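Good morning, everyone. Please have the sequence and the structure in view while I talk, and we will go through how two parts of the chain meet.

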Amino acid sequence: MLPKKKLRIETLAVHAGHSVDVGTGAVTEAIHLSTTFERDADGGYSRGFLYSRNHNPNRNSLEAALAALEGGAAGAAFGSGLAAVTAIFQGLKPGDHVLAPSDIYHGTANVLKHLFAKWNVTASFVDMTDLDVVRQSLLPQTAIVWMETPSNPLLQCVDIAAIAEIAHSHGARAIADNTFASPILQQPLALGCDMVMHATTKYLGGRSDVLGGAVVSRLDDEHFAQLRTAQLFGGAVPSPFDCWLVMRSLPTLPYRMQAHCANAGKIAAFLQSHAKVSAVHYPGLAENAFHAIASRQMSGFGGMLSFEVKGGKDAAMALAANVEIFTRATSLGGVESLIEHRASIEGPTSKTPQGLLRVSVGLEHADDLIDDLTAALSHA
């Protein structure tokens, strides 16, 4: 059991959700693969477990750990990031409205545009970097103000505290996708958000080998109860092994994030100075439009960046085709560096610039990554 005094996040990352096994003394938690659990003679479940869709020891540990890292009252784990997103919106009722950023992960946008539109839940996608636009875009039926900061793929940052205050003054809930930052770099609940969502596939898992999502709530209230109902009835829960994999990665998260940030900062500075690059989107650059906000609400600028190559799509694709250390793949947050042409991933309706490449900066040596990009840029 953790001490009652407030612990620093590095200590929480190692110990939250972890405990020594009472029966064996094992320091590392076992993987509880059982789908069902024995009832007591009187029909009860005194040990707290009934069926693995309801609860599982590994999932309970992960949910407790993530709640502790985000400073929330309760957490719920899901089988993917989009399963977590979907469960949040399942708490809405027909006629409700969601206000979301125009620069948003296309999967979240698709959930709103195509899945919940059938339920008569509407959504508006606006420039949330402008607080006046946020205020003017609220409707009487707005139930959720959704933030994604830094955003995907332009790394735009929004003022979490200010938008949360605007949402609450309107009677709406403020919810943030914190996937790009992780709880190590940014704590939306402390800035006024009601819930925070993660794709645990990314930095929390950190190895590109596990799919998952999670929601942490500031309060264990009726909205979180609705989320639990969606988790239970919908059944989109992670397997015990998937939960164990994420728990295995959490202790190294603070130090991995330090390295991701350091490498990304060096690569962003290199790209900014390159003649074939027209724009670099990274809030850690002093010249970036979101540097001040990011400095205020983040403890580091993250391992994600995007940049635009002069010459448009053909030049960007040529660059990506000639990397040797970077891997051409979709995802982020793993130890390996990834690069992708984002618009072609998002599809024909994408508004992402055709010359833009999104980069997840991994844990290789920064100079090797820069050498790789230097060589590849000669083909752009």
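Predicted model: local features only at pLDDT ≥ 70, side-chain atom pairs only at ≥ 80, totals over all residues.

Between domain 1 and domain 2 the count is one salt bridge, a term that stands for a side-chain nitrogen of Lys or Arg within 4 Å of a carboxyl oxygen of Asp or Glu. Residues are numbered from 1 along each chain as its sequence is written, and side-chain values use heavy atoms, with hydrogens and water left out.

The domain assignment, whose bounds come from an automatic or database source, gives domain 1 as 9-250 and domain 2 as 252-379. Their centres, taken over C-alpha atoms, are separated by 26 Å.

How many residues of each domain are in contact with the other? On the side of domain 1 there are 34, and they are in contact with 36 residues of domain 2, where contact means heavy atoms within 4.5 Å.

The area buried between domain 1 and domain 2 is about 2,900 Å², and carbon and sulfur atoms give 61% of that area; buried area is the accessible area (1.4 Å probe) that two parts lose on being put together, summed over both. Within domain 1, the residues that lose the most area to domain 2 are Leu155, Leu185 and Tyr203, which together make up 25% of what that side buries.

Finally, please find aspartate 159 and arginine 296, whose side chains meet in a salt bridge at 3.1 Å, N to O.
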